[in-house]
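Here are some exercises to work through with the model open beside you. Try each task before reading its solution.

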Amino acid sequence: MVGSSLKILIADDTLTNLKQLEIVSRRAGHLPILAADGPTAVALFQTESPDLVFMDIMMPGMDGIEAVRRIRALPAKKWTPIIFYSALDGMQDIVRGLEAGGDDYLVKPASTQLLLAKLNAYSRLLSLQQKEQGYIEELESWRLEAQEQARLGAHVMARLTDAEGLRDPMIQSFNLPADTFSGDLLCAARGPGEVLNVMLADAAGHGLSAALSAMPMTQAFYSMTAKGFPLASIAEELNRKLKAILPADRFVAATLASIDVRNQTVEVWNGGNPDAAFLTAEGKVSMQWASNHPPLGILPPALFSGDTDTVVFHEPGQLVLCSDGLVEAEGADGRWLGLAGTLDLLARAREADGGFAALREGLERHLGGRPGRDDISCILVQVPMERRREVRAASPMPRHQGRVEEWQLSLAFGASELRYIDVVPAVLGLMTQVEVLKPHQGSLFLVISELFNNALDHGLLGLDSSTKNLIGGWEIYMQHRAEGLGRLDHGRISLSFLLREDEGRAVLDIDVADSGPGFDHEAWLRGLDPSSGDTRPHGRGLALVRSLCADLKFPGDGNRARARYLL
Amino acid sequence: MQIASTLDGNRASLSLNGRFDFHSHRDFRAAYEKALEESGVREIEINFRGVDYLDSSALGMLLLLREKAESTGKNVVLCGLQGTVKQVLDIANFGKLFSVKG
């Protein structure tokens, strides 16, 4: 059927009747196809797939009733009306015709006027049907396309979510989608200094549209974690990125956490997610981090705050992050599981796996087999107490073989830059471009961080390390540091690196100097003596540098550190 | 969700009733667009007293309204916050983005 022009199959063994219908069809602007007997009619129906059929009944061989039965027995994609046009005018004939599959019955002879009126009526019906068919096809193609997009989304999301970092032995997690796939995004990775970063992001909505908002986050999270950027800078970057690409009504609630086992700290940024919590081994909640920022992607960078809250932990436990889908998981009675219910499930479990299985079982019991209304996700980090005071000798590097070209890097930062630049990741980013240094990223990060922080904290800010020994001292220290940094208006830190060959061995000389008055390294070195029994946290920083380097010296007034790192 | 709109001097007030979620999109937009068009209106007040549930797409709609209101020099005020609704808006720290009246 093209436009309103119909293809009309006319079957009749009498030439006069064929002619009459042919003329009427043509006059109404349609295309007639003629068949002089039943078998031809059936054959033409199959090859021409007409829009409408006029069928005589009495024909030699196969009659019209049989022909219609056969036509109706064929597989049909559309409805093709069949009008019997016969001289038989008995009630039984009409009933027989309609029962065989006819839609209408006209008794011969009919006037041209009546035939034309019938044709027009069927033409209107067919055009309605065609429109409807169009809608059905369109709907079907939308459905297929949506299915295809969901498949692609699920694949990409699965790849993004299935990060090596989530298989860290310290981590357990689950992510139960409300739709074909979850818009919650879980990420975890180790920074260069062994610090573990985790992120639980929950984009508004669920399914593909939510996943689309969460996708841009993974790359920034992983690359910045790998380079050792602080949590605040990662949050700022994620917000900047999402703000730039998402429309005003889209945003991503997120919890970022940094777990530093060596320094016994847990640092959290929470924007729009339920409280993160630290549970002790006895199941006591020792710390809760409420959301104190709007979700990511709403505030312009100038108004955004990456401020985090850090606590020192004094006993092992577990850090719990979850999306609101878990807290708002509805039971059969409409009651939410709640944050208290979640923590309760974890706390009551005494299993070795820290209650992860208990939480999953409890959630399933609560949901009673019904799917969640929203994506439900949770990350559990088992936080151990590091008994060993020395850093594990980060997997020993094979000694560098072959010649080394001399390479040198010198940088200096003034007070105004020190306030906002993440110096260590920036420097490390440059250094690890060098092939020889790349495998040493982890150790170099630790060494440079310690020397740089030493220069900044003690050299320029004049902070007192012993503050850290007080109860709640770390928090006070970090607060003094942030305040001092905010006020810093003079001072300078310079870093220089020289990669060279020394007696057939590749060596990196690291030199970090500050413009401060210097401090008493003699006292500090005495504190390092194992026999003095010093296990203070602040003593460990430089001890770590010493264990990673072949040599560590403080020439001059104590405002310069020179380390020799063997490759 | 039902929305009752009133206009009082330079303040347009939308009182919401029922579940404020994805399905409220068209009604909510129609209601605030009328308020945005009134050039005399300086403040658009959204009253949540009758709202018993709020989801993340509702938060998105509020952000969209906030953006449009800012571009026409109008202020959006949230009021009548209680129970779950208050909790959801608190977790999202919307108090840092909107003026909030008791």
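Predicted model: local features only at pLDDT ≥ 70, side-chain atom pairs only at ≥ 80, totals over all residues.

Residues are numbered from 1 along each chain as its sequence is written, while chains are lettered from A and ligands numbered from 1 in the order in which they are written.

**Exercise 1.** Find the strand order of the open sheet of five strands in chain A.

*Solution.* Start with strands, which are DSSP runs of E with at least two residues, numbered from the N terminus. Two of them pair if DSSP finds at least two bridges between them. At the edges sit β7 (184-190) and β13 (309-312) of chain A, each pairing on one side only. Next, look at β7(A) and β8 (residues 196-203) of chain A: seven bridges join them. One bridge partner to check is Asn197(A) in β8(A), which faces Ala189(A).

**Exercise 2.** Work out how α6(A) and α7(A) pack: parallel or antiparallel?

*Solution.* Helices are DSSP runs of H or I with at least four residues. Take α6 (residues 208-227) and α7 (residues 231-245) of chain A; their axes lie 10 Å apart at an angle of about 155°. Axes are lines fitted to C-alpha atoms over the stretch in contact, with angles from 0 to 180 degrees between N-to-C directions. Therefore α6(A) is roughly antiparallel to α7(A), a term for angles over 145 degrees.

How values were computed: Parallel < 35°, antiparallel > 145°, perpendicular 65-115°, else oblique.
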